[in-house]
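Dear colleague,

I am handing over a structure that you have not worked with before, and my notes on what was found in it follow below. Please read them with the model open beside you.

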Amino acid sequence: MKEWLVFATEPAVVIINAMALLMIAYGTSEAFLRGLRAMVIPSPTGDELRHGYLRYARWLIAGLTFQLAADVIETAIAPSWDEVGRLAAIAVIRTFLNYFLERDLKEADEAVHGQLKETKPASVA
């Protein structure tokens, strides 16, 4: 049974880590290009750069979530205390990053919706 678990787990971990790598690499490339564009053609409101940051945060959240999933699966084949401790440390760090990225996204979303409410004309009763 353990051999089957190792046989199934190792490729799954590699595939999931590859997916996370692609997400993070794509998001980073996109953020870099948006940053360059914002430097060359600055927006008076800074919306282009802010929008790029929010998209990048979403890519990072997705990539970090996939990496955490791969780490959890990986501990299924090597559940030593060192591995469990390593997983716990990684999980705490990634959860910490996820929390603040999600908070930033929520605050930005609330700010955008607050601006939309302010620009809508009041309805006539």
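**Glutamate 30 and helix 1**

Glutamate 30 is found in helix 1, where helices (H or I, at least four residues) and strands (E, at least two) are DSSP runs, numbered from the N terminus. This is a predicted model, in which local features need pLDDT of at least 70 and side-chain atom pairs count only at pLDDT 80 or more, while totals for chains, interfaces and linings use all residues. Residues are numbered from 1 along each chain as its sequence is written, and side-chain values use heavy atoms, with hydrogens and water left out.

At 13% relative accessibility, glutamate 30 counts as buried; buried means under 20% relative accessible area, exposed over 50%, and partly exposed in between, with a 1.4 Å probe and protein chains only. The side chain of glutamate 30 makes a polar contact with the side chain of arginine 55, at 2.5 Å. A polar contact is a pair of N or O atoms within 3.5 Å, and within protein one must be able to donate a hydrogen and the other to accept it, while residues adjacent in sequence count only if both atoms are side-chain atoms. With neighbours within four places in sequence left aside, glutamate 30 is in contact (heavy atoms within 4.5 Å) with Arg55 and Trp59.

Helix 1 has 39 residues and reaches 56 Å from its first C-alpha to its last, close to the 57 Å expected at 1.5 Å a residue, the expected span being 1.5 Å times one less than the number of residues. Besides Glu30, the buried residues of helix 1 include Thr9, Val13, Ile16, Arg34 and Ala38, and helix 2 is part of what covers the buried residues of helix 1. Leucine 21 also has its place in helix 1 (residues 2-40), but this leucine 21 is exposed, with a relative accessible area of 57%. The C-alpha atoms of leucine 21 and glycine 63 are separated by 6.9 Å, although the two residues are 42 residues apart along the chain.

**The protein as a whole**

There are three helices and zero strands in the protein, which follows the pattern α-α-α when read along the sequence. Of its 125 residues, 22% count as buried. Among contacts between residues at least 6 apart in sequence, 78% join residues at least 24 apart. The protein exposes about 9,100 Å², of which carbon and sulfur atoms supply 70%; accessible areas come from the Shrake-Rupley method with a 1.4 Å probe, and for residues only the protein chains shown count as cover.

The 29 residues of helix 2 should span 42 Å at 1.5 Å a residue, and its end C-alpha atoms are 42 Å apart, which agrees. Which residues make up the largest nonpolar core? They are Leu54, Ala57, Ile61, Leu64, Leu101, Leu105 and Ala108, seven residues in all, where a nonpolar core is a set of buried Ala, Val, Leu, Ile, Met, Phe, Trp, Tyr and Cys residues joined through side-chain atoms within 4.5 Å. Helix 2 (47-75) and helix 3 (81-119) each supply at least two residues of this core, and the largest share, four residues, comes from helix 2. Not counting residues up to four places away in sequence, leucine 54 touches Asp104, Leu105 and Ala108.

Threonine 75 is found in helix 2 as well, and at 14% relative accessibility threonine 75 counts as buried. A polar atom of its side chain lies 2.7 Å from the backbone oxygen of valine 72, and, not counting residues up to four places away in sequence, threonine 75 touches Glu83 and Leu87.

**Aromatic rings in helix 3**

Ring pairs link Phe96, Tyr99 and Phe100 into a cluster; rings of Phe, Tyr and Trp (its six-membered ring) pair if their centres lie within 6.5 Å, and planes under 30 degrees apart count as stacked, over 60 as edge-to-face and the rest as tilted. Phenylalanine 96 and phenylalanine 100 are four residues apart in helix 3, so about one helical turn separates them. Phenylalanine 96 counts as exposed at 52% relative accessibility, whereas phenylalanine 100 is partly exposed, with a relative accessible area of 28%. Tyrosine 99 and phenylalanine 100 form an edge-to-face aromatic pair, 4.9 Å centre to centre with 80° between the planes, and tyrosine 99 counts as partly exposed at 48% relative accessibility.

With best regards
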